[in-house]
Amino acid sequence: MLEEKTKEIVKQKLTQYLEGKKLRKTPERYAILERIYSTNEHFDVDSLYDFMVDGKYRVSKATVYNSIDLFVDAGLVRKHQFGNHPAQYEKSYNTVNHHHLICSRCGKVQEVKDQEIINVLSNKKFKKFTTSYYALYVYGICNRCTQGEKKKTKAVCK
């Protein structure tokens, strides 16, 4: 129920944005936005395009790329650059502050909600600056990569 209400609100926000910028309100843009707000996962543009094509949506890759840029500008999608990997995106409307753990080896991204960190950052005041949101990226090695490395080390030592 809440997810459907959120989808309606972001569609309205997109409509307002497009009208304000005098841009066309195409069904493709709304279909792409619908897909984005149907997942809680991070995604890159290529995987979003593949999903749209697999779902029988008739969109070009250029349309997906242009729509993502438009959604970022409209404040409906947030862009992340995790190391040297392709840019990742996530929905931004009505989301809870969270942090990202990024594996330096495989590139896996895990969201973490640490209330202590949220409290510190939410209460932090900066001179002559008003915070609208923040992002915290923590880089390291995920458990799967660590276990894989241990197995390789054991095999070499035998």
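**Close-up views of a predicted model**

View 1. The model shown here and in the following views is predicted. Ile 118 is part of helix H5, which covers residues 115-123. Tyr 57, which is 61 residues from Ile 118 in sequence, lies 39 Å from Ile 118 in space, C-alpha to C-alpha.

**View 2. His 42 and its polar contacts.** His 42 is found in the loop that runs between helix H2 (27-36) and helix H3 (45-54). Its relative accessibility is 16%, and because buried means under 20%, His 42 counts as buried. Two polar contacts of the His 42 side chain are shown: one of 3.0 Å to the side chain of His 100, and one of 3.4 Å to the side chain of Glu 111. Not counting residues up to four places away in sequence, His 42 touches both of these partners, and also His 80, Phe 82, Gln 88, Tyr 89, Glu 90 and Val 109.

**View 3. His 100 in strand S3.** The polar contact of 3.0 Å between the side chains of His 100 and His 42 is seen here from the side of His 100. This residue belongs to strand S3, residues 99-103. With a relative accessible area of 2%, His 100 is buried. Residues up to four places away in sequence aside, His 100 touches His 42, His 80, Phe 82, Glu 90 and Val 109, as well as Gln 110, Glu 111, Leu 136, Tyr 137 and Val 138.

View 4. Ala 87 is located in the loop between strand S1 (77-80) and S2. A relative accessibility of 14% places Ala 87 among buried residues. Leaving aside neighbours within four places in sequence, Ala 87 is in contact with Phe 43 and Asp 44, and with Lys 79, His 80 and Gln 81. Ala 87 and His 42 are 45 residues apart along the chain, and their C-alpha atoms are separated by 9.8 Å.

**View 5. The largest nonpolar core.** This core has 24 residues, of which Leu 14, Ile 36, Leu 48, Ile 68 and Phe 71 touch the most other members. Helices H1, H2, H3 and H4 (61-74) are the elements that each give two or more residues to the core. The largest share, 5 residues, is supplied by H2. Ile 36 touches Leu 48, Ile 68 and Phe 71, together with Phe 43, Val 77 and Lys 91, when residues up to four places away in sequence are not counted.

**View 6. The largest pocket and its lining.** The volume of the largest pocket is about 340 Å³. Its lining comprises 14 residues, and those closest to the pocket centre are Asn 40, Lys 91, Asn 94, Thr 95 and Val 96. H1 provides the largest share, 3 residues. Sorted by class, the lining residues are 4 nonpolar, 5 polar and 5 charged.

Key. Residues are numbered from 1 along each chain as its sequence is written. This is a predicted model: local features need pLDDT of at least 70, side-chain atom pairs count only at pLDDT 80 or more; totals for chains, interfaces and linings use all residues. Side-chain values use heavy atoms; hydrogens and water are left out. Helices (H or I, at least four residues) and strands (E, at least two) are DSSP runs, numbered from the N terminus. Buried means under 20% relative accessible area, exposed over 50%, partly exposed in between (1.4 Å probe, protein chains only). A polar contact is a pair of N or O atoms within 3.5 Å; within protein, one must be able to donate a hydrogen and the other to accept it, and residues adjacent in sequence count only if both atoms are side-chain atoms. Contact means heavy atoms within 4.5 Å. On a 1 Å grid over the protein atoms alone, a cavity is a set of points where a 1.4 Å probe fits but cannot get out, and a pocket is an open set with protein on both sides within 12 Å along at least five of seven lines; lining residues have an atom within 4 Å of a point. Grid points are joined across faces, edges and corners, and a volume is the space filled by probe spheres set on the points. Ala, Val, Leu, Ile, Met, Phe, Trp, Tyr, Cys and Pro count as nonpolar, Asp, Glu, Lys and Arg as charged, and the others, Gly among them, as polar. A nonpolar core is a set of buried Ala, Val, Leu, Ile, Met, Phe, Trp, Tyr and Cys residues joined through side-chain atoms within 4.5 Å.
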